[in-house]
Amino acid sequence: MNWAHRHLLGIGHLRREDIFFLLERAGQYRDSLDESPKQKPILAGYSMVNFFLEASTRTRLSFEMAGRLLGMDVLSFSGNASSLEKGESFRDTVRTLSRMKFDVLVVRHQSSGIPEYLSDFLPQHIVNAGDGLREHPTQALLDLLTIQRAFGDFSGITVVIIGDLLHSRVARSLIKGLTMLDCSVLVSGPPTLVPQVVESMGARVVFPVEEALRKADVVYLLRVQKERQEAGYFPSNREYEYFFGLNARHWDMVSERAYIMHPGPVNRGVEIASELVECSRSLIEEQITCGLAVRMAVLETLIRQGR
Ligand code: NCD
């Protein structure tokens, strides 16, 4: 395979064959995570910096863990307690960081487009770990890997994404990936948070939620973001749970072969009933392990093949 990318900036930059290439490598890593020892120090001597200017548990820790399992030196850097607090500009801070001569910069930032901006003037490989409302490519890749391993294939699969499509970089990246692999994507949720414009990305908007759920092979729930309720997008968490959440009544409408997914962090009892988080059809915990495998595959591919 001819890997043509120096960075991982978004799913929108990848070709279908790039996605399959990463999924194949990530699948091998996923298998190896059930064995001992898990360390494969093929990237010993390389180093990475995790630069996170927004909260994160899963993404930050799994990038860190992925780097370590491959033998890399890993530094983590968060905006607070740095010179950004003393008024140093973002550009000067990253230039300073960059002179430490490490190989990969993993970045999460509240502004859309920051990874591209950095890739213009830094010599490191840049990996987007979530930029504003735009993209979260490793999340989409881990979701695709989870789906591929659950179903064996992508053809004929319908994924129903429910929730805050308006503000979700997770959904944007996932819709791009799923449509590239010929899955059907239906989206639903509170009409204030499900813009028709997602149809231009290949998804279909379906109201009410019940109608979409009946067609689902995967029910993919997005986090209800507290700050959205304050902005008046929906009246209360109770109403959200009743009309749009995956509760027992909604779960009864879904096919028995369907799975549940969620990128985390989960609000139990809001977008999903607590008992469904760990039920036998839930892939939520498997997504986390697939995330580690995907990040190992991404680091290896960029360092070994990224031009
Ligand atoms: C998401 C994010 O930060 O974009 N979480 C994640 O990376 N697993 C989704 C969210 O915060 O709702």
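Predicted model: local features only at pLDDT ≥ 70, side-chain atom pairs only at ≥ 80, totals over all residues.
Residues are numbered from 1 along each chain as its sequence is written, and side-chain values use heavy atoms, with hydrogens and water left out.

A polar side-chain atom of His136 lies 2.8 Å from an oxygen atom of the ligand. For Arg169, a polar side-chain atom is 2.8 Å from a ligand oxygen atom, and for Arg223 the distance is 2.7 Å. The ligand taken alone exposes 320 Å², and the protein buries 88% of that (accessible areas come from the Shrake-Rupley method with a 1.4 Å probe; for residues, only the protein chains shown count as cover).

## The shell around the ligand

Around the ligand are Thr59, Arg108, His136, Gln139, Arg169, Val170, Arg223, Gln225, Pro263, Gly264 and Pro265 (a residue is near a molecule if one of its heavy atoms lies within 4 Å of it). By class, this shell holds three nonpolar, five polar and three charged residues. Ala, Val, Leu, Ile, Met, Phe, Trp, Tyr, Cys and Pro count as nonpolar, Asp, Glu, Lys and Arg as charged, and the others, Gly among them, as polar.

## The largest pocket

The ligand sits in the largest pocket (more than half of its atoms lie within 2 Å of the pocket's grid points). On a 1 Å grid over the protein atoms alone, a pocket is an open set of points with protein on both sides within 12 Å along at least five of seven lines, and lining residues have an atom within 4 Å of a point. The largest pocket holds about 590 Å³ of space; a volume is the space filled by probe spheres set on the points, which are joined across faces, edges and corners.

Of the 25 residues that line the largest pocket, Arg108, Arg169, Arg223, Gln225 and Pro265 lie nearest its centre. The lining has six nonpolar, 11 polar and eight charged residues. At least two lining residues come from each of α2 (58-69), α6 (169-180) and α8 (226-230) (helices, H or I, have at least four residues and strands, E, at least two; both are DSSP runs numbered from the N terminus).

## The second largest pocket

The second largest pocket has about 180 Å³ of space. Its lining is made of 19 residues, and Arg58, Pro263, Gly264, Ile284 and Ile288 lie nearest its centre. Two or more lining residues come from each of α2, α5 (137-151) and α12 (284-305). The largest share, six residues, is from α12. Seven residues of this lining are nonpolar, seven polar and five charged.

## Backbone details

Gly264 and Pro265 are joined by a cis peptide bond with omega of about -5 degrees. Pro265 is in the loop between β9 (259-261) and α11 (274-277). Another cis peptide bond joins Phe207 and Pro208, with omega of about -10 degrees, and Pro208 is in the loop between β7 (204-205) and α7 (209-213).

Lys101 is not a glycine, yet its phi is positive, about 65 degrees.

Conventions:
Polar contact = N/O pair within 3.5 Å; in protein donor to acceptor, adjacent residues only side chain to side chain. 1 Å grid on protein atoms, 1.4 Å probe; cavity = no way out; pocket = protein on both sides within 12 Å on 5 of 7 lines; lining within 4 Å.
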